[in-house]
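I opened this notebook page to record what I looked up in the structure. The entries follow the order in which I worked.

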Amino acid sequence: MTSPADTEARRPTRSAAFEKRLKQRYAQERRFKLFGLFAIIVSIAILFVLLGNMTINGVGGFQRAELQVPIDFAESGLAGDAASLSQPGAVQTLEMQGLPEIVAFAAEQRMGAAGAEQLSQDAWREVAEDLRADPGMLRGQETFWLPASGDLASGMDGEGSPEMQALAAQLEREGYLEKRFDWGFLTRSDATDPQQVGVWGALKGSILTMIVTLALAFPIGVLSALYLEEYAPKNRWTDIIEVSINNLAAVPSIIFGLLGLAVFLWIFPNMRSAPLVGGMTLALMTMPVIVISGRNAIKAVPPSIRDGALAVGASPVQVVFHHVLPLALPGILTGTIIGMARALGETAPLLLIGMRAFVATPPDGFTSPATVLPVQIFLWSDEIDRGFIERTSAAIIVLLLFLLVMNALAIYLRNKFEKTW
């Protein structure tokens, strides 16, 4: 039998062991906090490096080399007024009246033959569009900043032949050549010259494709989640369906491209690069994510909400659509944000269904030939011209801003419909 003296003798030993274990736990907690803080700092640093690198490279993509060309329309012999220049064929009419030659002559008078040769071949079209917007220019002299050739732009960046670099330096000193912000980059479509390319065609194609994707994936995904959680019997078949949906969410995106190629293009053979087919293909990829997030959000609604609604006389359908769905909607929108963000950045499935075509004009509708921003970025990154490299970085910035706007709208809607109980 242990005496009180023995018990008292053991107490300091047990107390020391306890203090040692307590210090170890505190040390482990401090290390865990430091590791977590270090992970956050590294993540933020990598994010800043990524965004900073894209911003530095992309700033040049929003600019282009332009030549200053003054044109005296009063002595050019061009004829036209607001009514005639507003007609669809006004640009062709100005071409027949000699506008390209007038622009080339004005450039030669200003910069000499060597400088005039480095004016972009389609520069006169921008003059024509300005004349259509303001026919009053025909009555006087106007100064235009027109795109230079790709060779002169490369020489301005210190690349290309020594002769071109010298010519670019000379024109810069004389004030005829400058790097200017290119608003047209946001309004033009694809082109073979990096000085003439724009992202509006691809951006419009992305918008149309996302509309089709959301219109198909969201209602079908939400209704599927409601049926599986509220109405479907719990048996082997529903278990198989649940496993299949989970597996579909993890399937590589290129598989959905093969499915779209085999099914949708077989049904719509004349819409190979249309936003309609692209949206249906991406909807197949997005739908499992919406179904899974929708089921989890519906499960999170407390059973007391259902019981209370049934107790006051609501029908099962009213319980689902008046009580369960509104409370689950914020969680469903969260899953939709994730799914749509993934769909917006996809390239592989759209390449398989033909949305990598050279599209020089923005699509007119859901069935017109189109491309999307990720595919456009992929195509430009494959070009060897340095001008396309800068344009690629600028297009990535536009894609990120588009994604930010889309997510901000979805988050706003999620917070607006969010309710507490």
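Entry 1: the sheet. Two strands pair if DSSP finds at least two bridges between them. I note at the outset that this is a predicted model. With that criterion, I found an open sheet of 3 strands in the order S2-S1-S3, with antiparallel pairing. I recorded S2 (141–147) and S3 (177–181) as the edge strands; each has a single partner strand, so one side of each is left without a neighbour in the sheet. I noted an average twist of 45° from one strand to the next.

Entry 2: the pairings of S1. I next asked how many bridges join S1 to S2. Strand S1 (residues 63–72) pairs with S2 over 7 bridges, in the antiparallel sense. Within this pairing I located Pro-70 opposite Thr-143 in S2, and I identified Trp-145 in S2 as the bridge partner of Gln-68. Turning to S3, I counted 5 bridges between S1 and S3, which run antiparallel. Here Leu-67 has Leu-177 in S3 as its bridge partner.

Entry 3: the surroundings of S1. I checked whether S1 is enclosed or open. I found that 8 of the 10 residues of S1 are buried, so the strand is largely enclosed by the rest of the structure.

I then looked up the packing of helix H4 (residues 99–117) against S1. Helix H4 packs on the sheet and touches S1 and S2. I recorded an angle of about 115° between the direction of H4 and that of S1.

Entry 4: a helix pair. I describe two packed helices by the angle between their axes and the distance between the axes. For H8 (residues 200–231) and H14 (residues 316–344), I recorded axes that come within 9 Å and cross at roughly 140°. An angle over 145 degrees would count as roughly antiparallel; H8 and H14 are therefore oblique to each other. I noted their crossing as right-handed. By class, I found 18 nonpolar, 3 polar and 1 charged residues in the contact of H8 with H14.

Entry 5: one serine. I placed Ser-154 in helix H6 (residues 150–156). Is Ser-154 buried or exposed? Buried means under 20% relative accessible area; Ser-154 has 17% relative accessibility and therefore counts as buried. Leaving aside neighbours within four places in sequence, I found Ser-154 in contact with Glu-159 and Asp-385.

Notes:
Residues numbered from 1 in each chain as written. Predicted model: local features only at pLDDT ≥ 70, side-chain atom pairs only at ≥ 80, totals over all residues. Heavy atoms only, no water. Axes fitted to C-alpha atoms, helices over the stretch in contact; angles between N-to-C directions. Helix = DSSP H or I, 4+ residues; strand = E, 2+ residues; numbered from the N terminus. Parallel < 35°, antiparallel > 145°, perpendicular 65-115°, else oblique. Left-handed = near helix turned anticlockwise from the far one by under 90°. Nonpolar A, V, L, I, M, F, W, Y, C, P; charged D, E, K, R; others polar. Contact = heavy atoms within 4.5 Å. Buried < 20%, exposed > 50% of the residue type's maximum accessible area, 1.4 Å probe, protein only.
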